[in-house]
Amino acid sequence: MYQSVLVTGASSGIGEATAIHLAHKGFRVFAAARSLDKLMTLSGLGGGRITPLAMDVTDEASIAAGLAEISDGGGALYGLVNNAGVSVMGPVEEVPAADWRRQYETNVFGLVNVTRAVLPQMRAAGRGRIINIGSVAGRIAAPFQGAYASSKHAVEGLSDSLRREMGPHGVKVSLIRPGFINTPFGAQEQDELERYTGGAYAEQINIFKAWHAKGHPNAVGPIVIAEAVHHALTAKHPHSRYTAPAKFLGLLAMRNLLPSAIVDRVLERVIGLAGVGKKPTIK
Ligand SMILES: NC(=O)c1ccc[n+]([C@@H]2O[C@H](COP(=O)([O-])OP(=O)(O)OC[C@H]3O[C@@H](n4cnc5c(N)ncnc54)[C@H](OP(=O)(O)O)[C@@H]3O)[C@@H](O)[C@H]2O)c1
C-alpha cells in the first residue's frame, strides 16, 4: 500500500514539482490548491497516483472538506507538505494593513490551520511527517521583504516548537528553506514591487526590483526542493532543516557568524543599494 501525502499549493512551482516527484517515487499524493481547474493537468501524471483536491488553507471549512475527501478515499495521511504561500513585497511603511494580513493569513495561519487539522490522526497513528516550506528569507531578510520575511521567520519558530512537541508522538517535523527557485513566484513578487516604484522609496525599490528580476529567472528549478521533501519524508532520521540550493548555505553562515552591521553592508553591496538614499552630511 502506498503512503499518502498531502501537498498544499500544488497548482504551480515547488508544490507541483513536489507532487509529481513524490508520486513517481511511489507515494499516493493529494495535490491541493484553491482552484481544481489549475490542478487537473496533474491527475494523469505520476503513475496515476496524484489526486487533485480543492483546498484553501485560509479557510478551515475548506480544509475539513479536503481532509474528509482524503479519508473517504481510504487511508490516513502519512505526510503533510505545507507549501502554499504568497509573497507580499514593499516598504514596511507603505504596504497596506490588508496586505500584511493577507501575507500572514496564508503563510502562517494557513500553515497552522492545515497542521492542526492533520495532527490528531498522525498522533493517533503514532507516526507521520510534517514538512514546512520556509525560505532563506526566514533567516536573512532583505529590505522590502518585511512582510514576507517575517512570515517565514514565524514558520522557523513554529517548526522548532512543533518538532519538539511531536517527537514523543512519533511525528517528525522538518523545515525546508528554498533560496531563489525559478517558479511563477518571482513574477508575482515583481508585480508586488511595481506598486511601490513611484512612492517615497522609489529609488531604492527600483534598484531592488532590478536585482530581484535577475535572481528568479536564472535560478534552479523546483526539483531541488522536491528532492529535499522526499528525503524529509523517507529518511529514518530526517534533518530538522534543509537549505536548497546549497549555495545559499554560505549566505546563512555569513548571517550567523558576522555582526549585523557587516551583513547589512554586504547585502547593500550585493543588491546595489550601497550609498543610495543617504542624506549628505551637513557641516
Ligand atoms: N520560488 C522561490 O524562489 C521560493 C523561495 C523561497 C521560498 N519559497 C516558498 O515556496 C512555496 C511555494 O512557492 P512557489 O515558488 O512554488 O510559488 P508559486 O508557483 O506561486 O506557488 C504557490 C502555490 O501556493 C498556492 N496558494 C496560494 N495561496 C493559497 C491558499 N490560500 N490556499 C491554498 N493554496 C494557496 C497557489 O495555488 P492557487 O493560487 O492555485 O491556490 C500555488 O499553488 C511558498 O511557500 C514560498 O514562500 C519559494
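Which atom of Asn83 lies 2.8 Å from an oxygen atom of the ligand? Select Asn83 and see: a polar backbone atom.

Before going on, note that this is a predicted model, where local features need pLDDT of at least 70, side-chain atom pairs count only at pLDDT 80 or more, and totals for chains, interfaces and linings use all residues. Residues are numbered from 1 along each chain as its sequence is written, and side-chain values use heavy atoms, with hydrogens and water left out.

**Stop 1: the ligand**

Stay with the ligand. Select Gly9 next. A polar backbone atom of Gly9 is 3.0 Å from an oxygen atom of the ligand. Now pick Lys152. Here a polar side-chain atom lies 3.0 Å from a ligand oxygen. Taken alone, the ligand exposes 880 Å², and the protein buries 94% of that. These areas come from the Shrake-Rupley method with a 1.4 Å probe; for residues, only the protein chains shown count as cover.

**Stop 2: helix H1**

Select residues 13–24. This is helix H1, with 12 residues. Helices (H or I, at least four residues) and strands (E, at least two) are DSSP runs, numbered from the N terminus. H1 reaches 17 Å from its first C-alpha to its last, close to the 16 Å expected at 1.5 Å a residue. That expected span is 1.5 Å times one less than the number of residues.

How many of the 12 residues of H1 are buried? The count is 9. Buried means under 20% relative accessible area, exposed over 50%, and partly exposed in between (1.4 Å probe, protein chains only). Among the buried ones are Ile14, His21 and Leu22. Their cover includes strand E1 (4–7), strand E2 (28–33) and helix H7 (223–234). Step past the helix to Gly26, whose phi is positive, near 105 degrees.

**Stop 3: Asn82**

Select Asn82 in strand E4 (residues 77–82). Is Asn82 buried or exposed? Asn82 is buried, because its relative accessible area is 3%. Its side chain makes a polar contact of 2.9 Å with the side chain of Asn132. A polar contact is a pair of N or O atoms within 3.5 Å; within protein, one must be able to donate a hydrogen and the other to accept it, and residues adjacent in sequence count only if both atoms are side-chain atoms. Asn82 also touches Thr8, Leu111 and Ile131, among others. Contact here means heavy atoms within 4.5 Å.

**Stop 4: two backbone details**

Most residues other than glycine have a negative phi, and most peptide bonds are trans. Now select Phe144, in the loop between strand E5 (128–133) and H4. Phe144 has a positive phi of about 70 degrees although it is not a glycine. Phe144 is buried, with a relative accessible area of 9%.

Finish at Pro245, in the loop between strand E7 (241–244) and helix H8 (248–257). The peptide bond from Ala244 to Pro245 is cis, with omega near -5 degrees.

How values were computed:
Lists of a residue's contacts leave out its neighbours within four places in sequence.
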